[in-house]
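Subject: Structure for you to look at

Dear colleague,

Here is the structure I promised to pass on, with my notes on what was found in it set out below. Please keep it open while you read.

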Amino acid sequence: MAKKFQSLPRLIQIILLLIPVVNWVTEVIVRVSAIFERFSLRNLIGLILAIFLGFAFGWVDLIWCLIFKHLIFCVA
């Protein structure tokens, strides 16, 4: 799922990260799938931050996705 998210057009990624509840659900799903595909400490830290910081971390991810084309702390 993480690779599929990164292969989506940038506009779709931004829309998914812009809507508050969809933002959090998308982040958690993408990060859990990234951990299953490739376990690393960065992926685990990203998942923990996404779960506990929720929507605030989602806005950071939105900006990060605009600049670098992937979620912060998400290695897929």
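Ile14 is found in helix 2, where helices are DSSP runs of H or I with at least four residues, numbered from the N terminus. With a relative accessible area of 14%, Ile14 is buried, a word that here means under 20% relative accessible area, whereas exposed means over 50% and partly exposed lies in between, using a 1.4 Å probe and protein chains only. Leaving aside residues up to four places away in sequence, Ile14 touches Leu62, Cys65 and Leu66, a contact being heavy atoms within 4.5 Å. Ile14 and Ile45, by comparison, are 31 residues apart in sequence and 22 Å apart in space, C-alpha to C-alpha.

Before going further, please note that this is a predicted model, in which local features need pLDDT of at least 70 and side-chain atom pairs count only at pLDDT 80 or more, while totals for chains, interfaces and linings use all residues. Residues are numbered from 1 along each chain as its sequence is written, and side-chain values use heavy atoms, with hydrogens and water left out.

Ile14 also belongs to the largest nonpolar core, whose ten residues are Ala2, Phe5, Ile14, Leu17, Val30, Ala34, Leu62, Cys65, Leu71 and Cys74; such a core is a set of buried Ala, Val, Leu, Ile, Met, Phe, Trp, Tyr and Cys residues joined through side-chain atoms within 4.5 Å. At least two residues of this core come from each of helix 1 (2-7), helix 2 (10-18), helix 3 (20-37) and helix 4 (41-68). Leu71, one of the core residues, touches Phe5, Leu17, Val30, Arg31, Asp61 and Trp64, again not counting residues up to four places away in sequence.

Asp61, in helix 4, counts as buried because its relative accessibility is 0%.

As for the helix packing, helix 2 and helix 4 pack at an angle of about 170°, with their axes 9 Å apart, the axes being lines fitted to C-alpha atoms over the stretch in contact and the angles running from 0 to 180 degrees between N-to-C directions. The two, helix 2 and helix 4, are therefore roughly antiparallel to each other, since angles over 145 degrees count as roughly antiparallel, under 35 as roughly parallel, 65 to 115 as roughly perpendicular and the rest as oblique. Helix 2 contributes Arg10, Gln13, Ile14, Leu17 and Leu18 to the contact, and helix 4 contributes Trp59, Asp61, Leu62, Cys65 and Leu66.

Helix 2 and helix 3 pack at an angle of about 110°, with their axes 5 Å apart, which means that helix 2 is roughly perpendicular to helix 3. Here Leu16, Leu17 and Leu18 of helix 2 meet Pro20, Val22, Asn23, Thr26 and Glu27 of helix 3. Thr26 is buried, with a relative accessible area of 13%, and touches Phe5 and Leu16, not counting residues up to four places away in sequence.

Finally, the cysteines: the count comes to zero disulfides, a disulfide being a pair of cysteine sulfur atoms within 2.5 Å. The sulfur of Cys65 is 10 Å from the closest cysteine sulfur, in Cys74, which is too far for a bond. Cys65 counts as buried at 0% relative accessibility, and Cys74 is buried with a relative accessible area of 4%.

With best wishes
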